[in-house]
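Work through the following exercises with the sequence and the model open beside you. Each task is followed by a solution that goes step by step.

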Amino acid sequence: MKLATLKDSTRDGRLVVVSRDLTRCSEVGHIARTLQAALDDWDHVGPRLQLIAEGVETGAQPTIRFHEHDAASPLPRAYQWADGSAYVNHVELVRKARNAEMPASFWVDPLMYQGGSDGFLAPRDPIVAADEAYGIDMEGEVAVVVGDVPMGVGPDIARQAIRLVMLVNDVSLRGLIPQELAKGFGFFQSKPASAFSPVAVMPDELGEAWDGGKLHLPLLVTLNNRLFGKANAGVDMTFDFGELIAHAAKTRGLVAGTIVGSGTVSNKLDGGPGKPVESDGVGYSCIAEIRTIETIETGAPKTPFLRFGDQVRIEMQDHAGHSIFGAIEQTVEKYQGPQPR
């Protein structure tokens, strides 16, 4: 089953069930007005939505045309957005570039931060920033949406709480990160609103690509119509989603609708740093990683961060080349200040 939220006059949009080929959808307001409402009563609502999904595929259910540009992020806002850093290769590279030793604990205890969840960008909304000097970067990731998770659960039980899978562009302002982290209190200004894929997908829709905690497919990241990365999300993922969810729930329960991110998808190459796509590598899911490798190899980065007018696309395809979640497509724009109403 695939679900999306269509934009309307409300903050939370309206829930629809989307066809597998992403061309049609069915209104389900009589079952659940929003995705959050569905997640709050998933045991009752989920099976009813599944019946609608089956009807969409057979033609028994009335549908309308589905356009990705009409979609908000599946959850336009959420009670919680917790982003991990499951690809420790990425963390190791970044620390190496600044000559910082990587603690051994990073391989057994996930990194995680709590991001802003009061409002997410729609998958076709622009990335807006006041200054290119902020170091605007995309971060291609996989994320899951969970049901209620009790405090203190282990990874096996945590995996059973996964309701939906989606993609995310976790926008980062790299130029602001060092000063914020130096304060010892974590990210805030350096992590503006993220955008999620037009469609969220139940794990069983992913077939053999989903092993219960990892999604084994390439994440396609395109920058200005050039393939920038195709790292496999199931490779080099040190902590799977069960482990990330259990980490988040160690000292508190998670409410239904909590989103947990994987962190930037990153693959090694022959045990070492990855290479650009044009050099027979799988490329990167963020600009910071290639800049890190450039710094390690030459002493200084040469690839610029995102500039106004740049276009980013993040997508994942099945083995037949069909888009699974729809595409995040965003253009970087200069912030013009609050607009009068």
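Two residues are in contact when they have heavy atoms within 4.5 Å of each other. The model is predicted, so to speak a computed one, in which local features need pLDDT of at least 70 and side-chain atom pairs count only at pLDDT 80 or more, while totals for chains, interfaces and linings use all residues. Residues are numbered from 1 along each chain as its sequence is written, and side-chain values use heavy atoms, with hydrogens and water left out.

**Exercise 1.** Locate K191 and state whether K191 is buried or exposed.

*Solution.* Begin with the secondary structure, in which helices (H or I, at least four residues) and strands (E, at least two) are DSSP runs numbered from the N terminus. K191 lies in the loop that runs between α5 (177–182) and β13 (195–196). Next, apply the classes of relative accessible area: under 20% is buried, over 50% is exposed, and in between is partly exposed (1.4 Å probe, protein chains only). With a relative accessible area of 12%, K191 is buried. Finally, leaving aside neighbours within four places in sequence, the contacts of K191 are Y113, E139, D170, V171 and S172.

**Exercise 2.** Carry out the corresponding steps for L269.

*Solution.* L269 is placed in the loop between β17 (259–261) and α7 (287–298). Its relative accessibility is 27%, and L269 therefore counts as partly exposed. When neighbours within four places in sequence are left aside, L269 is in contact with G274 and K275.

**Exercise 3.** Describe the chain as a whole.

*Solution.* Count the elements, and the chain comes to seven helices and 19 strands. Along its principal axes, the C-alpha trace spans about 60 × 45 × 40 Å. Turning to burial, 53% of the 341 residues are buried. Among contacts between residues at least 6 apart in sequence, 72% join residues at least 24 apart.
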